[in-house]
Amino acid sequence: MGPLRTCVGCRATGPRSALLRVVAVTESTVELVVDVDRTMPGRGAWLHPDPGCLEKAERRRAFGRALRVAGQPGTSAVHRHLEEQQEQDVAG
């Protein structure tokens with residue numbers, strides 16, 4: 001089964017292969033990016049590839065705590081990634 005991780009949105013555990021890893025990248029502001037290859041340096045937060053889990057994580061301000069960054073990082077790249085995944089699932 002492999003290593004288990006906890007989704008920062010719904011708090012359910014699942015295999016690492018079933019969750020997305022997101023990391024905080026600091027440019028002018030702190031933004032979240034999806035670590036598709038799961039190899040980027042730094043702390044990661046794990047999230048089910050479900051818009052509902054992303055919404056729960058945003059509402060609970062879970063990303064800031066999980067990634068140990070001040071404030072709430074931007075999540076636009078994660079929203080885009082989930083939308084692209086849903087479009088691929090519908091098309092494929």
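Predicted model: local features only at pLDDT ≥ 70, side-chain atom pairs only at ≥ 80, totals over all residues.
User: Why is H81 called buried?

Analyst: The relative accessible area of H81 is 15%. Buried means under 20%, so H81 is classed as buried. H81 lies in helix 3, residues 76–91, and touches L20, V34 and V36, not counting residues up to four places away in sequence.

User: What makes helix 1 roughly antiparallel to helix 3?

Analyst: The axes of helix 1 (residues 51–59) and helix 3 come within 10 Å and cross at roughly 165°. Angles over 145 degrees count as roughly antiparallel, and helix 1 is therefore roughly antiparallel to helix 3. The crossing of the two helices is left-handed.

User: Which residues of helix 1 and helix 3 meet, and how are they divided by class?

Analyst: From helix 1, P51, L54 and E58 take part, meeting V78, H79, L82 and Q86 of helix 3. By class, this contact has four nonpolar, two polar and one charged residues.

User: Why does D35 count as buried?

Analyst: D35 has a relative accessibility of 3%. The cut-off for buried is under 20%, so D35 counts as buried. D35 lies in the loop between strand 4 (30–34) and strand 5 (45–47).

User: What does the side chain of D35 reach at 2.9 Å?

Analyst: At that distance, the side chain of D35 reaches the backbone nitrogen of M40. M40 is also among the residues that D35 touches, together with R21 and V22, when residues up to four places away in sequence are not counted.

Note on methods: Residues numbered from 1 in each chain as written. Heavy atoms only, no water. Helix = DSSP H or I, 4+ residues; strand = E, 2+ residues; numbered from the N terminus. Buried < 20%, exposed > 50% of the residue type's maximum accessible area, 1.4 Å probe, protein only. Contact = heavy atoms within 4.5 Å. Axes fitted to C-alpha atoms, helices over the stretch in contact; angles between N-to-C directions. Parallel < 35°, antiparallel > 145°, perpendicular 65-115°, else oblique. Left-handed = near helix turned anticlockwise from the far one by under 90°. Nonpolar A, V, L, I, M, F, W, Y, C, P; charged D, E, K, R; others polar. Polar contact = N/O pair within 3.5 Å; in protein donor to acceptor, adjacent residues only side chain to side chain.
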